[in-house]
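Work through these exercises with the sequence and model at hand. Try each task before reading its solution.

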Amino acid sequence: MLGAGRTALRTWLCSLCACACAALGAGAQAAQAATTAQAGPRAEVIHWWTSGGESAAVKQVARAYRGAGGAWIDTAIAGGDQSRAVTINRIIGGKPPTAAQFNTSKQFLDIIEEDLLNDVDDIARRDGWDRMLPQPIIDVIKVKGHWYAAPMNIHMQTWLWYSKAAFARAGIAREPRSVDELFIALDKLRAAGLVPLAHGGQAWQESILFSLMLSNLGGRDLYLRVIRDREPAAIRSAAFRRVLLAYKRLRGYVDPAAPGRNWNDATAMVIQGRAGIQVMGDWAKGEFTAAGQMPERDYGCLPGLSPTSPYLVQGDVFVFPKTDDPAALGAQKLVARVVADPGVQLAFNRLKGSIPVRPDVDLGQLDACARKGMAIVRDRARPLGVMEIYLTPDRNGALQDVLTAYWNTAMPVERAQDGIASALRY
Amino acid sequence: MTPPIRQPALERPGVPPSLPPSLPHPLPALPSQPVRTRTRRRRPTPARIGIYAFLATAALFFLLPLYVMIVTSFKPMIEIRQGGILALPQAFTLEPWRQAWSGVCTGAACEGIRGGFWNSVRITVPSTVLAILAGAVNGYALSFWRPRGAGLLFGILLAGAFVPVQVMIYPLVRVMALAGIFGSLPAIVLVHLIFGMPVMTLLFRNYYAGVPHELFQAARIDGGGFWRIFLQVMLPMSLPVIVVAAIMQVTGVWNDYILGLVFAGRDNLPMTVELNNVINTTTGTRLYNVNMAATILTALLPLALYFFSGRWFVRGIAAGAVKG
Amino acid sequence: MKTARIFPRIVPRLSPHLALLPMALTALVAYLGAALWTLRISLTGSRTFPSGQFIGLAQYQRLFDNERWMLSLHNLALYGVLFVAACLVIGFLLAVFIDQRVRGEGLFRTVFLYPYAMSFVATGLVWQWLLSPGDGIDGAVRALGFAGFRLDWIVRQDLVMYTVVVATVWQAAGLVMALMLAGLRGVDPDIWKAARLDGIPAWRVYTRIVLPMLWPTVATVLLLLSTAVVKLYDAVVAMTQGGPGTASEVPTKFIMDHLFLRSNVGLASAGAVVLLVPVLALLAPYAYARTRKEAA
């Protein structure tokens, strides 16, 4: 039996080795075949739009690109940080993509400083981005006079979504128009037996609540002094202390099962009328739409707690890793032109839930909440960048650590202020 | 070839030794059930009931997450949003499974996770075969030949087994780029070989440590060289530990995500990348039912491997693979 | 073989060395090389890209000033002890019970082993659901009538690490069981006969005689489990994302977050070096004991 086993083992191992070699060979051949089959400017694009709605949105861009005569190779990788990690590793490894998605932030500042990105100055000049885009976004994509990214959309981070049914049950007659009215509304929701604030206990979601308080209660000036200028005096001021206390006060309105909850599960609570309000970016609109709800009928969207409150913008952009290959350069220019096209902007943003970066689009095709956003963005005094626009990823992360620790533990507010000061010091 | 030596009889039969005797291994003819005196019992004793009760309770604990996954994968999203994860589906639907395999969006393409299946196979097969071969050769050389410095190298390898994979990504990317193979199938196979080598070598080395040295010496006297003895004597009798090693390596490579993501290159992205695209969208809607279906689909291959080689797995380690 | 004929003396002596060349390359270039590279980078101010700008021990200073990192080390120690102990005990018990000539042994073995095959990305989410207060086990037990029952460990700062222990033990205990079962199957059957003749109760046979005999198996299982402890990452990310707050932070997650998400390769490298030090400290005595055993 041992002998038979031996020969069987040998044949089994030999066939496996043959399979392995064939697989390796086939893999190499397939890779070669892919590179030789070209039809027009070939662009490989890395992004992290992988859900249903996001897929539909990015397909609009791909379709437009193909319509312009190019070949769009889609490389989707879920998870922003993983996608960006792959982009950076591919740049280091010498096989960069044609274009890659980043957030409007300092994430790609290092890549610019290492001179690893191509610029898109010609498209920027042609379309007048200096006049068209909100200032916070210009601050991030225009470095040392050159434009290094093509903006795709504008998201706003601190919309207040509320369930009309829940408000009716709690007897809230009109939308809150100040921070104090917000707390009154939350109290009424609690009294009605509902969860006042739908929240997912993850660090980035807690940062959104903090941003809401800092922008609405602290105001534009304090926000910039703390986040952009990182002044220790501002961080230790009484005004900032009030902001932190108001932020912590929100925790009293959150249900005990919140820690770890995904943001869309919190939105589901509002959709079902079990919770009153959620503070979340405008990507939450997709959840409402998927559940068959209509803005102003089933749910309401508040861009801020006063008519002049800062509108916290963030967005997605495409960067173009450095290359001298004329074919790749041509593809990059084509991608940038397609992304900036008004028709593509409208088609993409309608499906994504964000708003276009250009003001010259047909507003009639956007829903009520998006139209509110477009009107606000046009007022150049209101847009303010989210924290990651002003802070390096490292500082932003360290700040998030302090905020989430403050939210979750019995940390005294002074210690939180000290923690934030040291987090923003590096 | 001398047959393997059977275990020695106890010095004084009937008396348990105070110190355990060391048993020479391997024992390839070991039955899967221990041989004990058979007594037919009519009624199960409390002890037997206790045994089955314990095992059944443990099985419930182990099966609970699988139950939740299966039940969730047959519910529509509306029902899932209402909560009640332990409830049976009220509106039973097969749509999540169809979507997971061939319809769900993983980017601009909406073709489910089936595309990644063959990529994963293409990565797993060479990675497993090469890693097992390398581990076998290493273990064989370490156990019988013991060249100078090999012990130190093995120590470095073992220490390396503790290093989190992410830490080594940057240097490996640089080295692969220098070698010109970054982002290709050979790159990912090489990476899996590097990360699999410590455990593979450990398994084979411990296994061969249990093979009686007389066997090796007899083969040398017969005129065998390094490779001859390996290919004709040692490798054929390593079938049990090969199966063990295959199971561990296949599971590790099949479920790997980060290495495949970074090193495989766009055309060879494994199934786990697609699975992650389905599960972990950043700001898009999450389809939990499709997630669960996709996860179960992805796990089917290692599960099938366990199921069909489960007996071998246990028997393999019996023959000394895990002796320290 | 032709080469053997041409160099009849050299090749046989070189063969083991040549055969170990892949291992030597892997150990020296991949592992040792990467370790030295990481050490060098930890002394620089690298951000997104590794840079050559030396800043001495500043990264280590920042590391030990960082509450999140110190908490992660503490969590890892706590987790490590509990995870290894629970896996060993549960794995051993399961193996012992399955060894008792139970019917459907194959089925039980598959049931206990299947978690090992599943990717933690999804199973972690399922565990999060199961341990969530309100839904999950908490709600189900209350629905059964035990109104006072609460299982809210996963949302409590001081208890969340125990939930990670539960989920990872669920995944790993089956493997430990399989390894222990094989070790048990290697035990001399005559011992059972002898024990029965002497009237020694089964449990004492297990604890006094069999367990010491299994020591080599246990040692290897300990090694495998320890590597899993140090590399703990997927479970934490999938179940708790390091939360609530930073309560379930672990070193590998800290390193990974700073490596890519926060674009701070220097700090991540410093963390990796600090993580490696206790590993080496534990491995060195083990290696020393082994070399002494082999010399004997």
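**Exercise 1.** Find out why helix H12 of chain B counts as largely enclosed.

Solution. Helix H12 of chain B spans residues 271-279. Of its 9 residues, 9 are buried, so the rest of the structure largely encloses it. Buried means that 20 or more other C-beta atoms, placed from the backbone, lie within 10 Å of the residue's own. Check the list: among the buried residues are B:Met271, B:Glu274, B:Asn277 and B:Ile279. Helices are DSSP runs of H or I, at least four residues long; strands are runs of E, at least two; both are numbered from the N terminus.

The model is predicted: local features need pLDDT of at least 70, side-chain atom pairs count only at pLDDT 80 or more, and totals for chains, interfaces and linings use all residues. Residues are numbered from 1 along each chain as its sequence is written, with chains lettered from A and ligands numbered from 1 in the order written.

**Exercise 2.** Describe the contact between chains C and B.

Solution. Start with the counts: 91 residues of chain C are in contact with 84 residues of chain B. Contact means C-beta atoms, placed from the backbone, within 7 Å. Next, find the top contributor on the chain C side: helix H3 (residues 21-41), with 12 residues.

Key
Two residues are in contact if their C-beta atoms, placed from the backbone, lie within 7 Å. A residue is buried if 20 or more other C-beta atoms lie within 10 Å of its own, exposed if 12 or fewer, and partly exposed in between; C-beta atoms are placed from the backbone.
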